[in-house]
Amino acid sequence: MPDEQAIRTLLIECFGATAHVEAIVPLAGDASTRRYVRARLRGAGVPPTAVVMILADSGQSISSDELAVFKTPPRELPFVTVHRLLAALRVRVPAIYLNAGRRGFLVLEDVGDMALWDFIQDLPPAQIVTWYQRALDQLLTIVLDGTRRRDDDHVAFQQVFDERLFNWEFEHFIEYGLEKRVPNPVPPAELAELRRHFGAIAAELGAAPRFLAHRDFHSWNLFVHDARLWVIDFQDALLAPATYDLGTLLGDRDTPLKITPAVEDQLLDYYHAQWQARGGPAWSRDALRAQYFACALQKAFKVVGRFHYLNMVKGKPGYLRYLPSTLRQVRRLLQRDPELSNVLTILAAYFPELRE
């Protein structure tokens, strides 16, 4: 952690000389280079806690490695730029108390530690559906209202989940989820067959109409605080197919343990109904679902590759615990489409979780 005194000085700058910093406590990290601490505070008009985001390289490398393809260099942190847009849309995001990005810090409103995934564990199914409907309400605000405010000079609208990026993520899976993980070389014919099918999915999704997307809209980036749902970790927002975040929300990591196919079906109908009610472009129920399942499958493959990469390259093995659930999701989604039977047959030889 940077010099604690520097953080204390930052907090006094933020909240004034009457603020007293009682403690600074490191928070659990994530897969990014960002780190966080919670400050416990005391003083008139001062919040009881605040979160300090500590940025690598003064925040200049905040985007994922495969992103940061900008028309012009960002004038400020993507986190700050996207935050301003989401706040204007009335998406519930933590307030920025102080933007000291040039010095490598942001001071943020504290929305607690309760991720949506942890919150729902002991809830009955009907309440789980209610909370995920609330998440879908926030998501549709991003997707529909955000897209209506499209500004090509805004960082979120300069980056696109296009065919190139979808293929990049499939190659990420092939490299780290397959080739670098198995003891023997994968036969070229098998790799060619995988790339043929992956390329078709990438082309289909890359040609889909583009909408504003959070990009990591999963149950660990949604927090429950004061009986409300909050959205975090949005700095990689970009243009993507309309169901990209939907596939992430309903299928990422261990989510299918709670979002069963029956619940998934119910939430997809809710999304479609709200899409129509909010004046979204004409879109049939079947077409929405077809795109959703393609996005969910692509994201599942990306996750397998990414979590092996985090283990092999970044020395972060903790995400490997999510692989069995993710691979079960891959199997379910591959089984939905007879045209992908060859993909399932090939990969079952390398992943026990894909076998019957």
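Buried here means under 20% relative accessible area, with exposed over 50% and partly exposed in between (1.4 Å probe, protein chains only). This is a predicted model, in which local features need pLDDT of at least 70 and side-chain atom pairs count only at pLDDT 80 or more, while totals for chains, interfaces and linings use all residues. Residues are numbered from 1 along each chain as its sequence is written, and side-chain values use heavy atoms, leaving out hydrogens and water.

**Helix H10**
- H10 covers residues 285-312; helices (H or I, at least four residues) and strands (E, at least two) are DSSP runs, numbered from the N terminus.
- From first C-alpha to last, the 28 residues of H10 reach 41 Å, close to the expected 40 Å (1.5 Å times one less than the number of residues).
- Because 22 of its 28 residues are buried, H10 is largely enclosed by the rest of the structure.

**Second largest pocket**
- About 380 Å³ of space lies in this pocket (an open set of points on a 1 Å grid over the protein atoms alone, where a 1.4 Å probe fits, with protein on both sides within 12 Å along at least five of seven lines; lining residues have an atom within 4 Å of a point). The volume is the space filled by probe spheres set on the points, which are joined across faces, edges and corners.
- Of its 14 lining residues, Glu204, Ala290, Ala294, Asp337 and Leu340 are the closest to the centre.
- H10 gives the largest share of the lining, five residues.

**Asn221**
- Asn221 sits in the loop between strands E6 (211-213) and E7 (222-225).
- With 7% relative accessibility, Asn221 counts as buried.
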